[in-house]
Amino acid sequence: MINDGPIVVIDDDEDDHEIMQLAVKDLGIVNKLIFFTRAADAFEYLQTTRDKPLVIFSDVNLPQQSGVEFKRKIDDEPYLREKSIPFIFFSTFIDRRTVDIAYKELTIQGYFRKSSSFQEYKETIKLVIDYWCVCQHPNSFT
């Protein structure tokens, strides 16, 4: 089964947007990429869009509202929680405390390190996208 919903990326680093675009293109992934630099803008999009995003990739360190605060806000919003959009932290920042919070207090589906190696970066993106394209979850049904 193929999910053609957009891939939502929240990252304040424009260079990371370009790297994600290159990785997705190299992998032959045809899903539209929708980029946000601020969590508040992504939250507004998620509340108003009719799109059914395949997955959300969010950095942990974001300006004004961290990725953790952003995910907590999604979890606290019944409408967005019910949308069941897979949520992945994809960040260079990894520490035990944040990982614990992500898995024990939030409803995330993964926490991955952004590799400095483009090949490893692409492999991680491929792994996540392949998984969510075949995984059965509430958005698998039309």
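Helices (H or I, at least four residues) and strands (E, at least two) are DSSP runs here, numbered from the N terminus. This is a predicted model, where local features need pLDDT of at least 70, side-chain atom pairs count only at pLDDT 80 or more, and totals for chains, interfaces and linings use all residues. Residues are numbered from 1 along each chain as its sequence is written, and side-chain values use heavy atoms, with hydrogens and water left out.

**H1 against H6**
- Helix H1 (residues 14-27) and helix H6 (residues 118-134) have axes that come within 10 Å and cross at roughly 70 degrees (axes are lines fitted to C-alpha atoms, for helices over the stretch in contact, and angles run from 0 to 180 degrees between N-to-C directions).
- That makes H1 and H6 roughly perpendicular (65 to 115 degrees; under 35 is roughly parallel, over 145 roughly antiparallel, and the rest oblique).
- On the H1 side, the contact (heavy atoms within 4.5 Å) uses Asp16, Ile19, Met20, Leu22, Ala23, Val24, Asp26 and Leu27, and they meet Phe118, Tyr121, Lys122, Ile125 and Lys126 of H6.
- Sorted by class, the H1 and H6 contact has nine nonpolar, no polar and four charged residues (Ala, Val, Leu, Ile, Met, Phe, Trp, Tyr, Cys and Pro are nonpolar, Asp, Glu, Lys and Arg charged, and the others, Gly among them, polar).

**H2 against H3**
- Helix H2 (residues 39-48) packs on H3 at about 25 degrees, with the axes 10 Å apart, so H2 and H3 are roughly parallel.
- The H2 and H3 crossing is right-handed.
- H2 brings Ala39, Ala42, Phe43 and Leu46 to the contact, and H3 brings Phe70, Lys73 and Ile74.
- That H2 and H3 contact counts six nonpolar, no polar and one charged residues.

**The largest pocket**
- Its volume is about 180 Å³ (on a 1 Å grid over the protein atoms alone, a pocket is an open set of points with protein on both sides within 12 Å along at least five of seven lines, a cavity is a set where a 1.4 Å probe fits but cannot get out, and lining residues have an atom within 4 Å of a point).
- Of its 16 lining residues, Lys71, Arg81, Ser84, Ile85 and Gln109 are the closest to the centre.
- Helix H3 (67-76) and helix H4 (78-83) each give the pocket lining at least two residues, and H3 has the largest share, three.
- The pocket lining splits into nine nonpolar, four polar and three charged residues.

**The cavity**
- Searching the whole structure turns up one cavity of 30 Å³ or more, and the largest cavity has a volume of about 50 Å³ (grid points are joined across faces, edges and corners, and a volume is the space filled by probe spheres set on the points).
- Its lining includes Asp16, Met20 and Tyr121.
- Strand S1 (7-10), H1 and strand S3 (55-58) each supply at least two residues of this lining.

Conventions: A crossing is left-handed if the near helix is turned anticlockwise from the far one by less than a right angle, and right-handed if clockwise.
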